[in-house]
Amino acid sequence: MKKTTAAYLVVYEAIKARIIDEQYPVDSLLPPEPMLEKLFGVSRTTIRRAVEMLSREGYVCAKQGVGTVVLDYKTMQNLNTISSFTETLSESGHTITLRAIDIGIRNGADVPEMAAQFGLSGDAKLARIKRIVCTDGVPIAVIQNYLPYSLVEGIEGYASRLQSLYSLLREQYFISFDMARERITARAADETEAMQLNVPLGFPLLCVKRISYIRNKPACCDVLAIRSDMYGYNVSLYES
């Protein structure tokens, strides 16, 4: 017997497709519930359940007294996939530029916490890539990446051409990560971060630390400080 898809899932997929196809553009309002009921031939309960799913996944947001607003879902990074910060922004259609790019070589003794992440000694070399990421001309994040220099020898020569670190690693070093672990916290911007991101002192930041692995061995550590008003994360949870 063929299994019938639940009505709310059919409505959810249909509305999501219209958002992706820009039939419902970013910052526009979804049609009101009575119109959606008539359009899909379902009950108000079904419409509300579908819209709740879209809201949880970052496609829409209900605003009291306004309606259900279509969000720029593409700037919501999916935590179930490994993609870089700049790749996520680029895929959304934003123009990405980098400022204050600094690629240098550090001794493990100078950054013992990072050396420990990779199980390296104090005399081992680490590559550090630091820059300010801007989207459409507005600074949105300060990013630092650390990798064992043995994996990326000569990376300092790419400073003038760097756009996406993950793309550079794939294309020039044939490095792709097969697993990553992230820790996300929140804190207030310090004086340096406030100046770099053009925000007030104490502005709320999303702070991300990601360790990426190749065959269960740590290969890259990313440390990000992101403006909380310009970026978000999307997590899908399923019943076990």
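## Two helices that cross

A helix axis here is a line fitted to C-alpha atoms over the stretch in contact, and angles run from 0 to 180 degrees between N-to-C directions. Helices (H or I, at least four residues) and strands (E, at least two) are DSSP runs, numbered from the N terminus. With that in hand, look at helix α1 (residues 7–20) and helix α2 (residues 33–40): their axes come within 12 Å and cross at roughly 110°. That makes α1 roughly perpendicular to α2 (angles under 35 degrees count as roughly parallel, over 145 as roughly antiparallel, 65 to 115 as roughly perpendicular and the rest as oblique).

Please keep in mind that this is a predicted model, where local features need pLDDT of at least 70 and side-chain atom pairs count only at pLDDT 80 or more, while totals for chains, interfaces and linings use all residues. Residues are numbered from 1 along each chain as its sequence is written, and side-chain values use heavy atoms, with hydrogens and water left out.

Which residues in α1 and α2 meet? From α1 come Val11, Ala14, Ile15 and Arg18, and from α2 come Leu36, Leu39 and Phe40 (contact means heavy atoms within 4.5 Å). By class, this contact of α1 with α2 has 6 nonpolar, no polar and 1 charged residues. Here Ala, Val, Leu, Ile, Met, Phe, Trp, Tyr, Cys and Pro count as nonpolar, Asp, Glu, Lys and Arg as charged, and the others, Gly among them, as polar.

## A sheet of six strands

Now let's turn to the sheet. It is open, has 6 strands in the order β4-β5-β6-β9-β8-β7, and its pairing is antiparallel (two strands pair if DSSP finds at least two bridges between them). At the edges stand β4 (96–107) and β7 (179–188), each with a single partner strand, so one side of each is left without a neighbour in the sheet. From one strand to the next, the twist averages 15°.

Helix α6 (residues 165–173) lies across β5 (125–135), β6 (138–148), β8 and β9, and runs at about 40° to β6.

Strand β9 (residues 217–227) runs antiparallel to strand β8 (residues 204–214), and 10 bridges join the two. Leu205 has Arg227 in β9 as its bridge partner, and Ile214 has Lys217. The hairpin of β8 and β9 has 2 residues between the strands, and Arg215 takes a positive phi near 50° there.

β9 also pairs with β6 in the antiparallel sense, over 6 bridges, and Ile143 stands opposite Leu224 in β9. Is β9 mostly covered or mostly uncovered? It is mostly covered, with 9 of its 11 residues buried (buried means under 20% relative accessible area, exposed over 50%, partly exposed in between, with a 1.4 Å probe and protein chains only).

## Salt bridges

How many salt bridges does the structure hold? There are 9, a salt bridge being a side-chain nitrogen of Lys or Arg within 4 Å of a carboxyl oxygen of Asp or Glu. One of them joins Glu33 and Arg44 (3.3 Å, N to O). This pair links distant parts of the chain, with Glu33 in helix α2 and Arg44 in helix α3 (residues 44–56), 11 residues apart. Glu37 and Arg44 meet in a salt bridge as well (2.9 Å, N to O), and a network of salt bridges links Glu33, Glu37, Arg44 and Arg48.

Arg210 belongs to strand β8 and Glu182 to strand β7, 28 residues apart. Arg210 counts as buried because its relative accessibility is 5%, whereas Glu182, at 30%, counts as partly exposed.
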